[in-house]
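Subject: Structure for you to look at

Hi,

Here is the structure I promised to pass on. Please open it and keep it beside you while you read my notes.

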Amino acid sequence: MAPAQPATAQHILRLFPEINPSLASQTQQSATADTDLTGYDEEQIRLMDEVCIVLDSNDTPIGSASKKICHLMENIDKGLLHRAFSCFLFDKKGRLLLQQRATEKITFPDMWTNTCCSHPLGIPGETGATLEEAVKGVKRAAIRKLDHELGIKAQQVPFEKFDFLTRIHYKAPSDGKWGEHEIDYILFIKADVDLDVNPNEVSDTRYVSESELKQMLKDDSLKFTPWFKLICQSMIFEWWEHLDGGLEQFMGETQIRRM
């Protein structure tokens, strides 16, 4: 559930002096020497230095803070919110590409989810204060992360082929320490791609039809990320039915869906 009280920029900046209000591309303190991250995978610790875009509850950027700061539940429970995207890639047969997150992942390890889920960063080209500019930023971030996680090259997923549908605001714990609190941009793309999976990010992949995904969701032996379950329970199958005609009616939604 999203927090009851909206997070204002003034309130968040007062609570979290670590936030850089200029959306700088570097954080002041490296996570590699952080006791919160002792025992985790070295590469995943390094990625905790990436800078996420901190938001108020209306998706207006406040500044930037490290991925680590944004994903600690003690900060999330105080209202810290950041921008994210969830990419759904379908092949020419209309099958959805799923991934299983690697065991090395610090948040939601080993869980099945949509094709690629990550964050635009507080770097040139991926930020944006207006919805139009923010959508451009998350599309660029999606291209970057599809390559990083799945080895999908940019020429196979061109910028103009991504469709933005809507934004969802959700909050979900991973364990007692880590979690997510995001305004998540939903992107669809239809493309046949070549995979070269990064095993530090992804342990398995699977193309599924609508009926196959419904069967997976009924399988108690499988675990799914909370944002993916929310989308599956509310919107995905209706969107999927219109993948080859009529998807335009769902695209470019300006209201944020509070989940």
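Let's begin with Asp59. Its relative accessible area is 4%. Buried means under 20%, so Asp59 counts as buried. Keep in mind that this is a predicted model.

Where does Asp59 lie? Look in the loop between strand 1 (51-55) and strand 2. Now check its backbone. Asp59 is not a glycine, yet its phi is positive, at about 70°. Why point that out? Most residues other than glycine have a negative phi.

Next, Phe108. This residue also has a positive phi, of about 55°, and is not a glycine. You will find Phe108 in the loop between strand 4 (96-101) and strand 5 (112-113). Is Phe108 buried or exposed? Phe108 has a relative accessible area of 1%, so it is buried.

Last, Ser66. Go back to strand 2, which covers residues 61-66; Ser66 is part of it. Ser66 has 5% relative accessibility, so it counts as buried too.

Two distances go with Ser66. One is to Ile69: a polar atom of the Ser66 side chain lies 3.1 Å from the backbone nitrogen of Ile69. The other is to Leu47. In sequence, Ser66 and Leu47 are 19 residues apart. In space, their C-alpha atoms are 9.2 Å apart.

Best wishes

Note on methods
Residues are numbered from 1 along each chain as its sequence is written. This is a predicted model: local features need pLDDT of at least 70, side-chain atom pairs count only at pLDDT 80 or more; totals for chains, interfaces and linings use all residues. Side-chain values use heavy atoms; hydrogens and water are left out. Helices (H or I, at least four residues) and strands (E, at least two) are DSSP runs, numbered from the N terminus. Buried means under 20% relative accessible area, exposed over 50%, partly exposed in between (1.4 Å probe, protein chains only). A polar contact is a pair of N or O atoms within 3.5 Å; within protein, one must be able to donate a hydrogen and the other to accept it, and residues adjacent in sequence count only if both atoms are side-chain atoms.
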